[in-house]
Amino acid sequence: GRSVEAQLLQALALDPGSAADLAARVYTDISPAMRPAAARNVLAHLIDLTGKSRVTHDGELGTETVFSLA
C-alpha cells in the first residue's frame, strides 16, 4: 500500500484537518479504541512533513491542530 505520508498528503489536498481528523480519514479499518494511537502516529508524520515544508499549521502542535498543504 501507499505510505502513510502519501495518504496524508492526498487527504490534505482535499481538505485541511487535524491529526485526529486525518487519522479517521486514513485509517478507516481500525477499531475506535485504536484511534488515539493512530492520531498520535499521524501527528508524528505531520510534524515530520512540517519540517520538510510539505505541510503547515496554525498555533500550537497537538492532535487538534489543523494542518494544510504548504
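Select strand 1 (residues 17-18) and strand 3 (residues 66-69): 2 bridges join these strands, which run antiparallel. Helices and strands here are DSSP runs, numbered from the N terminus; a helix (H or I) has at least four residues and a strand (E) at least two. Two strands count as a pair if DSSP finds at least two bridges between them. Within this pairing, select Ser-18, whose bridge partner in strand 3 is Val-66.

The model on the screen is predicted: local features need pLDDT of at least 70 and side-chain atom pairs count only at pLDDT 80 or more, while totals for chains, interfaces and linings use all residues. Residues are numbered from 1 along each chain as its sequence is written, and side-chain values use heavy atoms, with hydrogens and water left out.

**The rest of the sheet**

Strand 2 and strand 3 run antiparallel and are joined by 3 bridges. Val-55 has Leu-69 of strand 3 as its bridge partner.

Axes are lines fitted to C-alpha atoms, for helices over the stretch in contact, and angles run from 0 to 180 degrees between N-to-C directions. Contact means heavy atoms within 4.5 Å.

**Two helix contacts**

Two packed helices are described by the angle between their axes and the distance between the axes. Select helix 2 and helix 3, which pack at an angle of about 110° with their axes 8 Å apart. These two helices are therefore roughly perpendicular to each other; angles of 65 to 115 degrees count as roughly perpendicular, under 35 as roughly parallel, over 145 as roughly antiparallel, and the rest as oblique. To see the contact, show Ala-19, Ala-20, Leu-22 and Ala-23 of helix 2 with Ala-38, Ala-39, Val-42, Leu-43 and Leu-46 of helix 3. The residues of this contact divide into 9 nonpolar, no polar and no charged. Here Ala, Val, Leu, Ile, Met, Phe, Trp, Tyr, Cys and Pro count as nonpolar, Asp, Glu, Lys and Arg as charged, and the others, Gly among them, as polar.

Helix 1 and helix 3 pack at an angle of about 80°, and their axes are 10 Å apart. That makes helix 1 roughly perpendicular to helix 3. The contact is made by Val-4, Glu-5, Leu-8, Leu-9 and Leu-12 of helix 1 and by Val-42, His-45, Leu-46, Asp-48 and Leu-49 of helix 3. How many residues of this contact are nonpolar, polar and charged? There are 7 nonpolar, 1 polar and 2 charged.

**Salt bridges**

Side chains of opposite charge can pair when their charged atoms come close. A salt bridge is a side-chain nitrogen of Lys or Arg within 4 Å of a carboxyl oxygen of Asp or Glu. By this rule, the count is 3 salt bridges.

Begin with Glu-5 and Lys-52, whose side chains meet in a salt bridge at 3.4 Å, N to O. Glu-5 lies in helix 1 (residues 4-14) and Lys-52 in the loop between helix 3 (35-51) and strand 2 (55-57), so the pair ties together parts 47 residues apart in sequence. Glu-5 is partly exposed at 22% relative accessible area, and Lys-52 is partly exposed at 45%. Buried means under 20% relative accessible area, exposed over 50%, and partly exposed in between (1.4 Å probe, protein chains only).

Salt bridges that share partners join Glu-5, Asp-48 and Lys-52 into one network.

Finally, select Arg-25 and Asp-21, whose side chains meet in a salt bridge at 3.7 Å, N to O. These residues are 4 apart in helix 2 (residues 19-26), separated by about one helical turn.
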